[in-house]
Amino acid sequence: MTDPAGVAGCGDSTAPTLGVERAPTLAGGRLSTAGRAADAGCSGLARVQVAVTDRGDNGCRFLGPEGELGPVSDCAHPYALIAAGGTRWSLELEAVRLPEDAEAAIWALDRAGNTSSVRRFAVR
C-alpha cells in the first residue's frame, strides 16, 4: 500500500531495497539474521520486518517477541518482528524451539508505505 502523496507530499513511489547478509539461523536456542536496507525515494526507510512461520494444515503460527510460537492464525496476515537498526539491520531473539520446516520472510518498508520484495528462507 503506497500513500500517493508520500511523506510530506513528496510523492515517493519507489520501493526500498533489501539485502540479507546473514540468512536466518537458529543455533543454541537463538535466532539471528542481519543485512542492509535502503530507500532511494524521498520518504526514507521506516523499518525491516521479519516473520518466522510454522505452517500447518489449519493455518500458521508466528514467532512472537518472547521467542515462542503463537496460536494458529490466518497465514495471509503474518505477525512480524521489527529488526533493530535501519540501513544496517539485525534481529537477535531467544527462540524456545522452532520446527524443522520453519520459514522466515523478511521485507523493508519506507515511510510512504512502499514495500521491498519479500525474501524467504528456511530457518536452519
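Why is the disulfide of Cys60 and Cys75 right-handed? The torsion about its S-S bond is about 100°, so the disulfide is right-handed. Keep in mind that this is a predicted model, where local features need pLDDT of at least 70, side-chain atom pairs count only at pLDDT 80 or more, and totals for chains, interfaces and linings use all residues. Residues are numbered from 1 along each chain as its sequence is written, and side-chain values use heavy atoms, with hydrogens and water left out.

**Disulfides**

- A disulfide here is a pair of cysteine sulfur atoms within 2.5 Å, and by that rule the count comes to two.
- Number the bonded cysteines of the protein chain in sequence order and you get the pairing 1-2, 3-4.
- In the disulfide of Cys60 and Cys75, the sulfur atoms sit 1.9 Å apart.
- Cys60 lies in strand E4 and Cys75 in the loop between E4 and strand E5 (81-82), so the pair ties together parts that are 15 residues apart in sequence. (Strands, E, are DSSP runs of at least two residues and helices, H or I, of at least four, numbered from the N terminus.)
- Cys60 is buried, at a relative accessible area of 0%, while Cys75 is partly exposed, at 27%. (Buried means under 20% relative accessible area, exposed over 50%, and partly exposed in between, using a 1.4 Å probe and protein chains only.)
- Cys10 and Cys42 form a disulfide with their sulfur atoms 2.0 Å apart.
- Its S-S torsion is about 85°, so the disulfide of Cys10 and Cys42 is right-handed.
- Cys10 is in the segment before E1 and Cys42 in the loop between E2 and E3, so this pair ties together parts 32 residues apart in sequence.
- Cys10 counts as partly exposed at 31% relative accessibility, and Cys42 counts as partly exposed at 48%.

**Nonpolar cores**

- The largest nonpolar core has 23 residues, and Leu18, Val48, Val52, Leu63, Trp89 and Ile106 have the most contacts inside it. (A nonpolar core is a set of buried Ala, Val, Leu, Ile, Met, Phe, Trp, Tyr and Cys residues joined through side-chain atoms within 4.5 Å.)
- Strands E1 (17-27), E2 (30-38), E3, E7 (88-94) and E8 each give two or more residues to this core, and E3 gives the most, with four residues.
- Leave aside neighbours within four places in sequence, and Ile106 is in contact (heavy atoms within 4.5 Å) with residues including Leu18, Val48, Trp89 and Phe121.

**The largest pocket**

- This pocket has a volume of about 160 Å³. (On a 1 Å grid over the protein atoms alone, a pocket is an open set of points where a 1.4 Å probe fits, with protein on both sides within 12 Å along at least five of seven lines; lining residues have an atom within 4 Å of a point.) The volume is the space filled by probe spheres set on the points, which are joined across faces, edges and corners.
- There are 13 lining residues, and Thr53, Arg55, Pro78, Ala105 and Arg120 lie nearest the centre.
- Strands E3 (45-56), E4 (59-62) and E8 (103-110) each give two or more residues to the lining, with E8 giving the largest share, four residues.
- By class, the lining has nine nonpolar, one polar and three charged residues. (Ala, Val, Leu, Ile, Met, Phe, Trp, Tyr, Cys and Pro count as nonpolar, Asp, Glu, Lys and Arg as charged, and the others, Gly among them, as polar.)
- Thr53 is found in strand E3 and counts as buried at 9% relative accessibility.
- Not counting residues up to four places away in sequence, Thr53 touches Cys60, Arg61, Phe62, Ala102 and Glu103.
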